[in-house]
Amino acid sequence: MGYHYPINQYFNVFTKNTNKNTVFIFDIANEYNDLREIKNIFEEVKIIKNSSEIRHNYKRVCCFNFK
């Protein structure tokens, strides 16, 4: 989730299948996701990897406390 589509497209999946304490780790493509929007969905977002490869610019984020 989050690599080829914006994270907010999965919002219904999150609300139906998780709880506030679920921990998520996403690889988010920079061109599809705005980190500020992800921070609006989760109370805490940590970047654990920042890749700037030629074909795959992405951030790996660990997200806590789904709102």
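This is a predicted model: local features need pLDDT of at least 70, side-chain atom pairs count only at pLDDT 80 or more; totals for chains, interfaces and linings use all residues.
Local features are given where pLDDT is at least 70, side-chain atom pairs count only at pLDDT 80 or more, and totals for chains, interfaces and linings use all residues. Residues are numbered from 1 along each chain as its sequence is written, and side-chain values use heavy atoms, with hydrogens and water left out.

Three strands make up an open sheet, ordered β1-β3-β2, with antiparallel pairing. β1 and β2 are the edge strands, each pairing on one side only. On average, neighbouring strands of the sheet are turned by 25 degrees against each other, direction ignored; the axes are lines fitted to C-alpha atoms, and angles run from 0 to 180 degrees between N-to-C directions. Strands here are DSSP runs of E with at least two residues, and helices are runs of H or I with at least four, numbered from the N terminus. Two strands count as paired if DSSP finds at least two bridges between them.

Strand β2 (residues 42-52) is joined to strand β3 (residues 57-66) by nine bridges. The two form a hairpin, with four residues between them. Within this pair, E44 stands opposite F64 of β3. β3 is also joined to β1, by six bridges, and these strands run antiparallel. Here F24 has C63 in β3 as its bridge partner.

The loop between β1 (24-29) and α2 (35-41) contains N33. A polar atom of the N33 side chain lies 2.8 Å from the backbone nitrogen of I7.

How values were computed
A polar contact is a pair of N or O atoms within 3.5 Å; within protein, one must be able to donate a hydrogen and the other to accept it, and residues adjacent in sequence count only if both atoms are side-chain atoms.
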